[in-house]
Amino acid sequence: LPVSVYSNQHEASVAVANRIADLIRSKQAKGEKAVLGLATGVTPIGVYAELVRQHKEAGLSFKNVITFNLDEYYPMKPTAQQSYVTFMYENLFSYIDIDKANVHIPDGTLDKDAVAGYCLAYEKQIEELGGLDLQILGIGRTGHIGFNEPGSAPNSGTRMVTLDDLTRSDASRDFGGKANVPTKAITMGIGTIFKAREIILMAWSRKKAPIIKKAVEGEISGEVPATYLQLSDHVEFVLDEAAASELT
Ligand code: F6R
């Protein structure tokens, strides 16, 4: 499994942002769209900040970019402070020239009966655009990627899932208490993520070191969904020294 370790989170974030910018520019040069899979959470914030900087200071345009976010809580109003819609606009979309019609984030407002059909359509939209060129990922302390918690199948698609207790504890600060954290989410599946032509998983800080060790060196198992990435030949782990500190 290719692992790149940077001395700090900022350098690592700039390196990932540069790869995204290179992809966007090379697609632009060919008159093509770049299809990006995006993550939320604290991990990619520095990447988005660097992309915004490059948009403002280096003329990086997102006019040819189409995005699909990994996940959204369910139920969740897009206008809520904790929604991943709010997160994406506050950290990226409000500051770049992306066409808002090209932004896709799972809809946390659907009726329960509508979710399965919506999830199939989400997959189909990605497929019809030729698939994801690049998927960026964080990792949860449960080993989740997207919200694919322990027990997720390697071929899973976009679907409604139940959040792990640890994931809800980790989210409790954003929600002012664990009781307020939704129990469910809509997430792209492991199978959806795998189909991306390139996958970059990022992790920073000592807090992520134990799960990074399991993900990179542990036995491949549904108990730690990120271990499935060991089976991919187009994945790279981008870490800071602290997150890499337990690797042998
Ligand atoms: C977010 C997502 C999650 C997070 C993970 C890490 O869209 O899919 O898998 O990447 O929970 O979260 P942070 O970055 O907040 O530590």
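How many residues of β9 are buried?

Guide: First, the ground rules. This is a predicted model, where local features need pLDDT of at least 70, side-chain atom pairs count only at pLDDT 80 or more, and totals for chains, interfaces and linings use all residues. Residues are numbered from 1 along each chain as its sequence is written.

Five of the five residues of β9 are buried, so the strand is mostly covered (buried: 20 or more other C-beta atoms within 10 Å of a residue's own, C-beta atoms being placed from the backbone). Strands are DSSP runs of E, at least two residues; helices are runs of H or I, at least four; both are numbered from the N terminus. I199, L201 and A203 point one way from β9. I200 and M202 point the other way.

β9 has strand partners. Strand β6 (residues 134-137) pairs with β9 in the parallel sense, over three bridges (pairing takes at least two DSSP bridges). There, I136 stands opposite I200. β10 also runs parallel to β9, joined by five bridges. In β10, E236 is the bridge partner of I200.

Now the helix. α7 (residues 209-217) has the buried residues I211, I212, A215 and V216. Seen down the axis of α7, they fall within an arc of 125 degrees, so they line one face of the helix (the arc is that of the directions from the helix axis to the C-beta atoms). These buried residues pack against β9 (199-203), β1 (3-6) and β10 (235-240) (contact: C-beta atoms, placed from the backbone, within 7 Å).

Methods: Buried ≥ 20, exposed ≤ 12 C-beta atoms within 10 Å, placed from the backbone. Contact = placed C-beta atoms within 7 Å.
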